[in-house]
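Trainee: I'm new to this structure and would like a close look at a single part of it. Could you pick a sheet and walk me through what surrounds it?

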Amino acid sequence: MAEAVLITTDDLEPAVRLRAAFEAQQLRVELLAPGESLSDALAEPVLVVITGGLRERRARALIASARERGRLPVIGLTEPTEPTGREICRQLGLSECFPKPIDADEIALVGKRLVQREELREMTGIVGDTEAMEEVLERIVQIAPVNSTVLILGESGTGKELVARGIHLLSPRRHRPFIAVNVAALPDNLLESELFGHEKGSFTGATDRRKGFFELANGGTIFLDELGEMPLGTQTKLLRVLEEREFRRVGGEESIRVDVRVLAATNRDLRDQVQLGHFRRDLYHRLNVLRIDLPPLRSRREDIPRLIDRFIQQFSVEHDRSFVGIDPQALQSLVEYDWPGNVRELRNLVESMVVLAPGRVIRPEDIPAEVRYRRRDSLLPVPVSPPPPQVATGAAQLNGGGNHLPTVPSPEMEFILRTLFELRVDMEDLRREFEVYRSRQHDGGGVPAGPSYGGYQPIPIGLPVAVESVPREPEPAPREEGTIVFRPGMTITEMEREAINAALLHSRGNRRRAAEMLGMGERTLYRKLKEFGIGE
């Protein structure tokens with residue numbers, strides 16, 4: 001069935017002008033006569049425009065019918081005697097409302113963006129009804145048609161690649177290639193060759209000429225993820241591509257011209273990287289033409305139930321598992337958790353619930369302890385911010401009592417400090433776990449299912465960290481694999497080495513996952529492994 005914008009003719013004069021304005025935006029229009037419902041339309045509605053009084057019975061019926069169809073956007077025209085504003089629109093269930101007399105061209109432009117926004121949700125899987133996510137979607141729709149470079153910022157797991165794909169899919173380049181490149185996953189000596197290609201014999205192993213990603217993306221879009229990990233030498237060549245639209249293959253002499261739109265993303269603060277000399281200032285300004293900031297999941301908790309529903313539907317089909325539902329108390333635990341890994345972490349947890357609990361309701365005891373008790377795993381990326389008082393005090397002590405420690409510690413220092421002060425075993429949580437264990441033993445129920453340790457072992461918190469004072473005698477008890485044990489006299493470097501070893505154990509040698517847990521780029525992790533001689 002064809003799709004169309006449905007416009008009611010309860011007020012005929014604005015309806016006629018709106019039809020002409022929407023058709024000028026290349027949208028098909030169908031007029032809905034008084035007495036007709038959405039089901040009477042010959043086309044599938046993508047937008048409904050109500051021209052009559054919004055408080056009349058017919059308007060309320062049309063709005064209710066639109067809500068039954070899911071995310072069908074509705075625009076209403078308010079009479080001079082009716083209140084207007086965003087809050088009134090939300091109360092009535094409208095996407096937008098405009099007072100009469102109207103500017104038909106303005107309404108048609110807003111209407112087209114609403115249609116594109118819903119298309120974007122469907123194409124990319126971006127989920128969110130909060131104001132922050134509505135602004136992100138609106139921003140994507142606004143900047144997609146142009147060719148300017150876009151910088152996408154946000155914590156790890158917030159969906160930066162989904163945003164990049166959405167920009168490409170709504171752009172005039174959508175029928176041309178979209179190539180995503182994880183800069184951090186490519187070694188320094190191969191990154192330049194992968195981006196720009198190489199000539200035969202340009203280095204050992206270059207047996208043939210090879211096109212790079214920029215050449216393969218000609219006419220389309222290239223997405224450079226984890227851009228903050230790019231070496232300075234490669235940054236210089238990227239700057240030339242952005243300014244001159246040309247480059248040379250490794251070992252080549254011929255300049256190759258390309259027409260590529262560059263979208264770049266990072267979870268680092270590039271301004272700080274510029275100040276530290278790790279990122280070129282001119283490249284930063286060249287990339288930061290248009291910018292999208294993605295909010296962390298903890299700042300849009302209202303979207304969590306909708307995200308859970310979407311992931312349940314996706315994984316139930318993917319794994320052919322029935323899923324009964326989630327207990328309200330368990331759902332509340334998921335909503336209140338801070339999700340340091342953002343949407344990616346939530347997605348992985350929902351997938352495990354769908355696979356491991358088919359045919360029964362998910363209850364609070366099925367939720368991992370760190371989620372139930374809202375403990376934030378600081379091994380995952382966190383924004384660099386002034387340390388809390390107890391961290392600052394600890395930093396001063398580690399600094400020999402001096403007060404010249406920077407207000408904002410380096411990422412490595414922050415990782416160590418937060419590991420020491422935030423991931424200590426929470427005795428109150430341990431007590432609650434023990435009470436559950438003891439009550440079930442008393443009732444004859446045995447050891448509870450799920451990630452419980454009966455109060456005798458640390459509750460898993462990503463990589464458990466036991467901050468303890470080790471007596472000289474007797475010998476300390478053997479520690480669990482993946483546990484970091486702090487002993488008086490240990491240096492920051494030794495703690496960092498311990499943390500890296502624990503992350504590798506916990507991720508079973510998966511360096512990418514270990515890097516994510518430690519809050520550092522893969523390239524930085526590789527450098528640390530070499531520095532500490534780990535894995536040699």
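This is a predicted model: local features need pLDDT of at least 70, side-chain atom pairs count only at pLDDT 80 or more; totals for chains, interfaces and linings use all residues.

β6 and β11 belong to an open sheet of five strands, in the order β7-β8-β11-β6-β12, with parallel pairing. Where are its edges? β7 (178-182) and β12 (290-293) stand there, each with a single partner strand, so one side of each has no neighbour in the sheet. From one strand to the next, the twist averages 15°.

A helix covers part of this sheet. α5 packs on it and touches β6, β11 and β12. The direction of α5 makes about 160° with that of β12.

Follow α5 and you meet another helix. α5 spans residues 131-143 and packs with α4, residues 104-124, at an angle of about 105°, the axes being 10 Å apart. The two helices are therefore roughly perpendicular to each other, since angles from 65 to 115 degrees count that way. Which residues meet? On the α4 side they are R113, Q116, R117, L120 and R121, and on the α5 side E134, L137, E138, I140, V141 and Q142. By type, the residues of this contact divide into four nonpolar, two polar and five charged.

For another parallel pair of strands, look at β3 and β4. Three bridges join β3 (residues 44-50) to β4, and the two run parallel. Here V48 stands opposite V74 in β4. Is β4, residues 74-78, mostly covered or mostly open? It is mostly covered, with five of its five residues buried. V74, G76 and T78 point one way from the strand, while I75 and L77 point the other way, and all are buried. In a regular strand, side chains alternate between the two faces of the sheet.

Finally, here is the whole chain as a setting for these parts. The protein chain has 21 helices and 16 strands, and 48% of its 536 residues count as buried. Among contacts with a separation of 6 or more, 69% come from residues 24 or more positions apart. The chain exposes about 27000 Å², and carbon and sulfur atoms supply 49% of that area.

Key: Residues are numbered from 1 along each chain as its sequence is written. Side-chain values use heavy atoms; hydrogens and water are left out. Axes are lines fitted to C-alpha atoms, for helices over the stretch in contact, and angles run from 0 to 180 degrees between N-to-C directions. Helices (H or I, at least four residues) and strands (E, at least two) are DSSP runs, numbered from the N terminus. Angles under 35 degrees count as roughly parallel, over 145 as roughly antiparallel, 65 to 115 as roughly perpendicular and the rest as oblique. Contact means heavy atoms within 4.5 Å. Ala, Val, Leu, Ile, Met, Phe, Trp, Tyr, Cys and Pro count as nonpolar, Asp, Glu, Lys and Arg as charged, and the others, Gly among them, as polar. Buried means under 20% relative accessible area, exposed over 50%, partly exposed in between (1.4 Å probe, protein chains only). Accessible areas come from the Shrake-Rupley method with a 1.4 Å probe; for residues, only the protein chains shown count as cover. Two strands pair if DSSP finds at least two bridges between them.
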